[in-house]
Amino acid sequence: MSDERALRGGWSGGAGADGGPAATRAAGAVRGAAAVVTAVAVVTAEALAGDGPLLAGAVPYGLGLAALVLVAGRWPRAALLASVQTVIAFRGAGMSDVGWIWPASAAYFLVAAGTGTGRTPDEEGKRLGPPPRRVPRGLAFAVAVGVLQVVFAANWERYVAGLDGREAVAELGAETLWLALVLAAATAWRNGRNWRREEAAGRERAARERAAEARRRAEAERLRIARELHDVVAHTLTVVGVQLRVAVEALDDEPAEARAALRTAQEVRATAVADLRALLGVLRDPGEEPGAMELAPGRGLDGVADLVEGVRAAGLQAAVETEGDPAGVPAPVALAVYRIVQESLTNAVLHSGGTRVDVRLRYGPGAVRVEIADDGTGTGTGDGADTRAGGGHGVAGMRERVSVLGGEFASGPGEHGGHTVRAVIPVPS
């Protein structure tokens with residue numbers, strides 16, 4: 001950001017110092033006050049000097065420097081150079097004898113304070129970066145002009161005014177100290193302004209990050225709920241639909257089989273209702289942990305056998321084979337295994353067209369391995385989405401479950417036909 005842009009858009013020192021109507025009005029008010037102080041100070045100093053020629057030039061001198069302060073908001077460097085030239089012109093013409101540096105103090109301050117030490121946000125709100133390790137351009141420009149003016153004044157006092165070396169040093173010592181004080185004050189003000197800007201930008205970044213994190217958490221929770229609803233509803237409707245079809249077909253000829261099918265449908269419905277109530281309980285309680293649903297009883301490794309039994313009741317041959325000790329499997333992993341088996345068995349009943357499905361669970365050191373294979377004619381795309389008829393969000397949901405837990409997932413054609421789902425889920429040691 002250039003000095004001119006800094007002073008036009010943000011010479012106010014408070015919030016909103018990066019531009020805007022409020023900052024522009026504040027900057028104008030500050031420059032106006034500085035112009036008034038400059039005019040009054042110059043005229044008063046000339047009046048105190050008491051000489052006729054000095055009084056004659058006091059008003060135009062003071063008003064001229066004040067006018068340059070006013071235009072410094074748009075052209076700060078040009079205003080500083082013009083102020084220095086005005087001081088030299090009035091001193092050289094014998095119309096002023098009240099100082100070399102201090103009459104242009106406001107112009108020096110505006111230029112030195114106009115550019116920050118770090119990158120400031122532009123009009124599009126780009127983020128702040130680390131401050132570069134260099135002297136700000138505005139301060140460097142003011143120092144350079146000040147040094148040149150002091151050197152010129154020293155030579156003027158020594159060779160034009162006829163003062164000896166000591167007298168010239170005494171004459172300009174206080175002026176040099178005053179210049180250093182003005183530049184130091186401008187530096188302190190500029191650093192404070194930039195600190196406020198960076199603090200405001202940091203608050204804005206933190207707010208954006210909090211909002212993004214809240215959106216991410218909401219999205220993750222929405223996906224988790226969607227997975228739970230899909231698994232519960234899809235499995236329930238599948239099994240209940242199969243049992244109702246069996247009941248309808250056996251109602252006249254085999255009423256005992258029809259009653260058994262209806263009882264199975266009723267049991268599955270009751271299980272689904274319990275799952276939905278647990279999920280709704282998590283949604284109603286804002287203080288509940290997102291994983292509370294994972295602690296629902298019967299929705300872990302012990303429930304896999306019930307899932308397989310339900311598939312048998314639906315008419316498929318089904319078997320479950322386990323290896324290892326499931327005692328150390330945490331609840332989130334157990335629920336993921338349960339849902340993967342549930343969804344895979346549901347797909348086998350709905351889409352495979354086969355007669356058999358096998359479930360294999362391996363509880364090894366550091367991981368649980370799951371494999372569900374059927375002998376149907378359904379097809380897949382390897383490690384991609386299930387493309388069998390009716391395939392929806394089930395495979396994507398299983399993949400998301402495994403991914404959240406840091407595992408690996410594959411769904412596709414089996415080595416000997418049919419369809420196979422495999423998952424490897426790590427278990428913390």
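Helices α9 and α10 are roughly parallel to each other, since their axes come within 10 Å and cross at roughly 5°. The model is predicted, so that local features need pLDDT of at least 70 and side-chain atom pairs count only at pLDDT 80 or more, while totals for chains, interfaces and linings use all residues. Residues are numbered from 1 along each chain as its sequence is written, and side-chain values use heavy atoms, with hydrogens and water left out.

**Terms for helices**

- Helices (H or I, at least four residues) and strands (E, at least two) are DSSP runs numbered from the N terminus.
- Axes are lines fitted to C-alpha atoms, for helices over the stretch in contact, with angles from 0 to 180 degrees between N-to-C directions.
- Angles under 35 degrees count as roughly parallel, over 145 as roughly antiparallel, 65 to 115 as roughly perpendicular and the rest as oblique.

**α9 with α10**

- Val-304, Leu-307, Val-308 and Val-311 of α9 are in contact (heavy atoms within 4.5 Å) with Tyr-338, Val-341, Gln-342, Leu-345 and Val-349 of α10.
- The residues of this contact divide into eight nonpolar, one polar and no charged; Ala, Val, Leu, Ile, Met, Phe, Trp, Tyr, Cys and Pro count as nonpolar, Asp, Glu, Lys and Arg as charged, and the others, Gly among them, as polar.

**α10 with α11**

- The axes of α10 (residues 331-352) and α11 (residues 394-404) come within 10 Å and cross at roughly 165°, which makes α10 roughly antiparallel to α11.
- On the α10 side, Ala-336, Arg-339, Ile-340, Glu-343 and Ser-344 meet Gly-394, Met-398, Arg-401 and Val-402 of α11.
- Four nonpolar, two polar and three charged residues form the contact of α10 with α11.

- Not counting residues up to four places away in sequence, Ile-340 touches Val-370, Ile-372, Met-398, Val-402, Val-421, Ala-423 and Ile-425.

**Val-69**

- Val-69 lies in helix α3 (residues 52-71) and is buried, with a relative accessible area of 2%.
- Leaving aside neighbours within four places in sequence, Val-69 is in contact with Arg-31, Ala-34, Ala-35, Thr-38, Ala-106 and Leu-110.

Technical notes: Buried means under 20% relative accessible area, exposed over 50%, partly exposed in between (1.4 Å probe, protein chains only).
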